Protein chains: 4
Amino acid sequence: MLVVMNANATEAEIAGVVRVIEALGLRAHTMPGATRTAIGITGNKGAISLQHFENLPGVAEAIRVSKPYKLITLDLKQDRTIVDIGGAKIGNGSLAIIAGPCAIETRQQTFAVAEVVKKSGAKFFRGGAFKPRTSPYAFAGLGEEGLKMLVEVREKFGLRIVSEALDEPGVDLVEKYADMIQIGARNMQNYTLLRRVGRSKLPVLLKRGMAATLEEWLLAAEYIMSEGNYQVVLCERGVRTFAQHTRNTLDLAAVPAVRRISHLPIIIDASHGTGKNYMVTPLARAGVAVGADGLMIEVHCKPEEALSDGAQALTLDEFEQMADEVRAIHEVIN
Amino acid sequence: MLVVMNANATEAEIAGVVRVIEALGLRAHTMPGATRTAIGITGNKGAISLQHFENLPGVAEAIRVSKPYKLITLDLKQDRTIVDIGGAKIGNGSLAIIAGPCAIETRQQTFAVAEVVKKSGAKFFRGGAFKPRTSPYAFAGLGEEGLKMLVEVREKFGLRIVSEALDEPGVDLVEKYADMIQIGARNMQNYTLLRRVGRSKLPVLLKRGMAATLEEWLLAAEYIMSEGNYQVVLCERGVRTFAQHTRNTLDLAAVPAVRRISHLPIIIDASHGTGKNYMVTPLARAGVAVGADGLMIEVHCKPEEALSDGAQALTLDEFEQMADEVRAIHEVIN
Amino acid sequence: MLVVMNANATEAEIAGVVRVIEALGLRAHTMPGATRTAIGITGNKGAISLQHFENLPGVAEAIRVSKPYKLITLDLKQDRTIVDIGGAKIGNGSLAIIAGPCAIETRQQTFAVAEVVKKSGAKFFRGGAFKPRTSPYAFAGLGEEGLKMLVEVREKFGLRIVSEALDEPGVDLVEKYADMIQIGARNMQNYTLLRRVGRSKLPVLLKRGMAATLEEWLLAAEYIMSEGNYQVVLCERGVRTFAQHTRNTLDLAAVPAVRRISHLPIIIDASHGTGKNYMVTPLARAGVAVGADGLMIEVHCKPEEALSDGAQALTLDEFEQMADEVRAIHEVIN
Amino acid sequence: MLVVMNANATEAEIAGVVRVIEALGLRAHTMPGATRTAIGITGNKGAISLQHFENLPGVAEAIRVSKPYKLITLDLKQDRTIVDIGGAKIGNGSLAIIAGPCAIETRQQTFAVAEVVKKSGAKFFRGGAFKPRTSPYAFAGLGEEGLKMLVEVREKFGLRIVSEALDEPGVDLVEKYADMIQIGARNMQNYTLLRRVGRSKLPVLLKRGMAATLEEWLLAAEYIMSEGNYQVVLCERGVRTFAQHTRNTLDLAAVPAVRRISHLPIIIDASHGTGKNYMVTPLARAGVAVGADGLMIEVHCKPEEALSDGAQALTLDEFEQMADEVRAIHEVIN
């Protein structure tokens, strides 16, 4: 932490801040400058609260320097994490494609999509059995019945199953039927849920919250890891901004930013990240080009009849075309 | 819903959209314009999905018109809702002040603050026993032990107790000890939790999510009400923007905006809404002046030693001064 | 500036950073910490560029500490600036109300509004002769003809005239006819224009840019002052956020934030800050309650016929009512 | 436009709105719905102001449907615009790379960079002679002297010159020496400047404003085109959001969004769009993969000594590597 004093702070005020620092068992480094004095603090193991200093007399600002995360960092573990989902890997240099309908609706729909997903070479199938919906009156998923259909997809097509859990009972069920637990954007700071999946044996796909800073997102991963589950994949899915031509603004710079700090793999959700069918393929290409470990893509056999998020789903044909395009880019950049 | 066609859409494309509308059992109103045709849709009871139309040939845009909420609206209930918290009211024209420490830390701290809160004329005491913390390593509250101290505050000072629940077991405990359940910003779209408090007999204080639109916030209230609990108070606590001089940007226009649509009371959290001690009193004054039904304020006997959010807490003296100032404004505008 | 090293930075990397600092003629303060070393820099007169350090080996982050402004600060001048507009003051503790139509349209409209503005006790009349319009096809103001009508308003009602200039020729004209030059949000970083009004003898009303940080806004004021014109009034008019219930999100916390750093007066534009007629009065009340030095309010005799921004204009009756309400609040808080 | 009535609007209120519509010479289409009535308006040539309706009795909301732009649209011109900059093209399917230092500093620096830009196969050289700087005390460019160095670059290397103008006298100079005029983000709504370059014979590179919606940006292009200059290239350079890991959030979805509405070419500025050296290459790859017509990239021979924006400049080696990577992607996707 760095405490910056006012330009006209007195010697007594500076001494007062130093006393508070030392009373906390820390070391103060006073740096008199041309216009004002700054006081560096060292000796702390974790983050110090700004609040100890911001309201002291003569203080202009307290600036946090130490980052509050540990387990997610390259400082701690320099090898990239490879996440193993039932034998299929994310983070090993291959391009992971997780595709499927937003929500599991019927066996027919599910199988029609799974067949094309399998044919494209993708290894992961997504499908929501529990859907977080903004309106209490919207379709909220088939629940356990939907998860059972996903098991059939795994058995028939050999695809690994990724499905979202919204609460602790939901985690119990997803653990029973699926291969990877998805935590959605709305639950990124649902700490009870994060701790629960931190005690799961399944890997976790952690979506970025709608307005989460990079630090908050990484701390959500830290929550999961601090309970013992190190198999975490981050998923950028767009953030909320003033822009109105998309549902969310896809923040692809999150990929190099995460790579610089963390050993965890990161993938791009080009469907939620745009919200518009015609933008999904271009942004999926961009996600691969920026260096992501994979993609999450919503596919539907009849998007115009989808019970949830049809406007952003690719048709089966569009998905096959997209898969070809992104693989070509993945080859070129590796 | 309104479907806007491209300027060069063909007659066949227009007829195609009309067919889709009629196939859904709805009525199409074709409006040929100077440059393009628009097609109005009526006959729907709830909201129609944009997805049925956005990808049809010749369609430029589908614009949603109906709002997806019902129970929260003035259309449904024109009398303002008055929420009763153990006999004390919010929404009846008086100024409700909910004050107390961010987190319950010790009996001594709690009682010192409660005494001043009581003395100021406020009727509600807040204090977190379960704290959602961005970092897994930060103080997360005393849990049930903290709630028991809050009961003592009620007994000794006659203040009604408002405390946050983070999950279903937490709701069970808060229901046992407190008078009103707070749902925090991070949980505004935790639908399992919303449904659970919707089945509670206690009133609910629903904070706005960090990046929630007005519509999403009102739909979160609709979730609670759709389970049968109509005693909901909304709380604006600032939203996330690019601005860096505050922790959040307090969106006071939410007060007149909510009033125009909904019968629910709305209060302002000037502590989280600013994140800075020196801004709390001015923004509390503004919150009353804009017409809110009350305020939520964090107070601490020794903010510099607070285990959580000390930088934004008022001291006891500052709180008393603030209470005087806001009451004077409340009198003037009523 | 503070340079934070990676946790595993080598001694040689630390020494390398110190060498760069010393080569710039500055002093390095090395602070070894529990997990990483930070290096404070002092001795600089102005701001140092982060770029000297961010790409050096072993560096995690460079954090700017010194602020790049001087003339606007309380460090430099502790007395609050009082701006004199033709004998009427802003910043002297009174409540300055600047009211009038968005655009000057006709003499009749202008006089009808001016009469009510005068009657309300306000001292300043606003009216645009040059309007920045998002569309090239929208009404862009009457130009010099409009300014001449404003002169008649000054002569007849004794109101001081505030009018916007969009470019250097516009400043020449506004200087000729008006008492205060307004720089609009879109031009907050039009540095040619800022330097030009910095050489004017008229005081300047500087609106905050649509997405300007506090620092950028204060630096825009610094541009004006650095040319010799110290008569600057800041005007918060809302910033762009994801929120859709208003045209802009009014950031009232800017008032205490500016007060803490700068001696310049600050007022609130509750019309652009909301964009909705029914929100203007509540937010104007809030602006006074938060402690602003004044208000800017759009008034129109027939808002539904206004050629520009009618949706946010108050009617004459509404304006009179608002003026009464805000004066009552101003009295109470002073 | 669509006017949505309150659920409990009376017949008289509906008739009142229809009367206002017809008085404007337009046609009203009343659509009674299950819960409320909506009234469509047709017959307007341009956009109608919302303000005529929003404050009428019984009106819940007025929704704009017509877009206010014409010349930029595919409706008007279905062939993609190819912009000709001294014989080199943007928008013809090739990948345009505009590279060079942020600011022209010395002849030596300029030539060192130009040599590598030329060698990479790029056809366009950028370099600022007039720099808009947030602080009045920062280096603001060499002015005409810098432009003269750019002419030498054109003569020696055959590169086309792109340079920014900040005001009308600046346009005169850039016209004299360069091949394309850049309008920066801060000036995107400087309408005097837009009209001036609209009367230029040089093509214009129009950067998106820091918080500009797609519509505002396209309307800025419309300003230029409405004066007769149809040679406009759009440049996405990142928008301001809450995210702090980048200088700006690069909104790559703007590329497919613009393509769907407009015939104008669009390029990506990966330097300002990230603000961090280590992110430029990944985001440049993403920009090409998303389908942009080109890239703008800052390159410096010694970024750590750059007088402006060094933190985001690529070194000469990094630039060559980037150029190879983006060309490989461009080939694959075409």
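Residues 24 or more positions apart account for 65% of the contacts in chain A with a separation of 6 or more; two residues are in contact if their C-beta atoms, placed from the backbone, lie within 7 Å. The model is predicted, so that local features need pLDDT of at least 70 and side-chain atom pairs count only at pLDDT 80 or more, while totals for chains, interfaces and linings use all residues. Residues are numbered from 1 along each chain as its sequence is written, and chains are lettered from A and ligands numbered from 1 in the order in which they are written.

**Chain A**

Chain A contains 10 helices and 14 strands. These are DSSP runs numbered from the N terminus, with helices being H or I of at least four residues and strands being E of at least two. Of the 334 residues in chain A, 61% are buried. A residue counts as buried if 20 or more other C-beta atoms lie within 10 Å of its own, as exposed if 12 or fewer do, and as partly exposed in between, with C-beta atoms placed from the backbone.

The C-alpha trace of chain A spans about 75 × 40 × 40 Å along its principal axes. Chain A is divided into domain 1 (2-63) and domain 2 (83-333), with bounds that come from an automatic or database domain assignment. The C-alpha centres of these two domains of chain A are 45 Å apart.

**Relations between chains**

| Pair | Rotation | Shift along axis | RMSD |
|---|---|---|---|
| Chain A on chain D | 180 degrees | 0.0 Å | 0.0 Å |
| Chain A on chain B | 180 degrees | 0.0 Å | 0.0 Å |

For chain A and chain D, a turn of 180 degrees with a shift of 0.0 Å is the relation of a two-fold axis. The C-alpha of chain A nearest that axis belongs to A:Ala286, at 2.0 Å. The same surface serves both copies, as 100% of the contact residues of chain A recur in chain D.

**D:Lys207**

D:Lys207 lies in strand 11 (residues 204-207) of chain D. D:Lys207 is buried because 26 other C-beta atoms lie within 10 Å. Beyond its neighbours within four places in sequence, D:Lys207 has contacts that include D:Ile183, D:Gly184, D:Cys235 and D:Asp269. D:Gln182 is 25 residues from D:Lys207 in sequence, with a C-alpha to C-alpha distance of 7.6 Å.

Key: Copies are superposed by least squares on the C-alpha atoms of residues with pLDDT of at least 70 in both.
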